[in-house]
Amino acid sequence: MHSVIVHYQEIALKGRNRPWFIDRLASSLRDATADLDVTHVRPLMGRIEVGLGPAADWSAVRERLGRVFGVANFARSRSTGREVDEIAGAILRHLAEPDAVAAEGVTSFRVRATRADKTYPLTSPQIEREVGGRIKAARGWRVDLASPDLPITIEVLPDRVFYALGKEPGRGGLPTGTSGAVLCLLSGGIDSPVAAYRLMKRGCRVRFVHFHAYPILSRASLDKTQEIADLLTRHQLRSRLYSVRFGEIQQTIVLSAPPPLRVVLYRRMMMRIAERLAGVCGAKALVTGEAVGQVASQTIENLAVINDVVSLPVLRPLIGSDKEEITQEARRLGTYPISIIPDQDCCTLFVPRRPATRARPEDVKRAERNLPVAELVDRAVAGVERQDFLFPVPAADVGSTSGGGPDAAAAAAEPR
Ligand code: ATP
Ligand code: MG
């Protein structure tokens, strides 16, 4: 029987929470492969075994497992008996199969053994020497410990031995959900999807909120954020996007506030609304794609004024990054081509020619005295629309979305 042996790294450090972390990782692996022929996902003495059925397509399995957070590395493995001769024989027979190793050929190899069963009569270096010696004699390959063409791993368990030819890198990070839920302000620009991904990688279940000026402006930013949310769902498997009508709020601000303060006032309204929605969806922090000095609203002074209106922590994972670094990450993530589709960002609506780079708290508060802040927030929250995303997409659900008012948002079961 073939399986994939999945190794985790960082979660091994988590002390008493370890079983829970491993359980979360196993359930991510199960969910990520739900539509593939995977027979079981089972924690097994410091690793996780993913059993492959006859119809499992390795390239699909590899792609899915390669995106699961919390995985250090994984390898397609086979099991064999525990005697050294059995292990070496199984590996040599396997190597003789067509396509067992890369077509370019192998000239060097390395055997690395680990023992989950410490009562095994040989030490790991002894297993490596014994099995490695037999492979070397049979194939004539050179041993290269540092960068072999073919790394071979052997894992000794109490009832059997797993071996693998080659190894795939994992995504790293922490299993989805182990750090709780956060709510990311997703704009449709380049930065916020990268910020969301960073938190996902650290084990957060990231929910999204987007503020749009439709129908005053086009639907473009709404469509873009849906596409981005859909793409990011490939990593966390279940997502929720709240869309908030923001055009009227901006019009109200424009009518009553000094032009240089507009952008900071927009942001403060976004933060207040986001904090309310965080309460609805159980998010413990807000996330933005801001970086110091990137635009006028992102000076330290303005960030402080924007933060002032919420008591939840505001996480800004890109705070010290250059635009170029963020752009490269967005390209790797695949969000970049969506982000650069031209749209009518709600914040470009009524943007003053000279936004304040150092809004003073007292000026901002004075400007807000003319605004029905609580009422605007209530109305925005009442009109919120919600959309859920799943990956892999259940066959029956393709294309379905669920919009709804606050009741629907509050009453609906939260995705894990
Ligand atoms: P981005 O590329 O993420 O849009 P940016 O460099 O364009 O960032 P701003 O547009 O000033 O910077 O936005 C700063 C942050 O505020 C964004 O990263 C995002 O978290 C949030 N934000 C801005 N506009 C919106 C919006 N319309 N809906 C949701 N969040 C927004
Ligand atoms: Mg933007």
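A nonpolar core here is a set of buried Ala, Val, Leu, Ile, Met, Phe, Trp, Tyr and Cys residues joined through side-chain atoms within 4.5 Å. Buried means under 20% relative accessible area, exposed over 50%, and partly exposed in between, with a 1.4 Å probe and protein chains only. The largest such core has 40 residues.

This is a predicted model, in which local features need pLDDT of at least 70, side-chain atom pairs count only at pLDDT 80 or more, and totals for chains, interfaces and linings use all residues. Residues are numbered from 1 along each chain as its sequence is written, and side-chain values use heavy atoms, with hydrogens and water left out.

**Nonpolar cores**

- Leu-183, Val-209, Ile-273 and Leu-277 have the most contacts inside the largest core.
- Elements giving two or more residues to this core include β10 (181-185), β11 (205-212) and α8 (262-281). Helices (H or I, at least four residues) and strands (E, at least two) are DSSP runs, numbered from the N terminus.
- α8 gives the most, with eleven residues.
- Beyond its neighbours within four places in sequence, Leu-183 is in contact (heavy atoms within 4.5 Å) with residues including Val-209, Tyr-242, Leu-277 and Val-287.
- A second, separate core of 27 residues includes Phe-69, Val-194, Leu-241 and Ile-338.

**Second largest pocket**

- A pocket is an open set of points on a 1 Å grid over the protein atoms alone, where a 1.4 Å probe fits, with protein on both sides within 12 Å along at least five of seven lines; lining residues have an atom within 4 Å of a point.
- The second largest pocket holds about 500 Å³ of space. Volume is the space filled by probe spheres set on the points, which are joined across faces, edges and corners.
- Its lining has 24 residues, and Arg-76, His-94, Asp-99, Ala-100 and Leu-165 lie nearest the centre.
- β4 supplies the largest share, five residues.
- By class, eleven lining residues are nonpolar, four polar and nine charged. Asp, Glu, Lys and Arg count as charged; Ala, Val, Leu, Ile, Met, Phe, Trp, Tyr, Cys and Pro as nonpolar; the others, Gly among them, as polar.

**Backbone exceptions**

- Most residues other than glycine have a negative phi, and most peptide bonds are trans.
- Asp-99 has a positive phi, near 65°. Asp-99 counts as exposed, at 77% relative accessibility.
- Leu-237 has a positive phi near 75°, but is buried, at 6%.
- The Tyr-214 to Pro-215 peptide bond is cis, with omega near 5°.
- The Phe-391 to Pro-392 bond is also cis, with omega near -10°.

Notes
Chains are lettered from A and ligands numbered from 1 in the order in which they are written.
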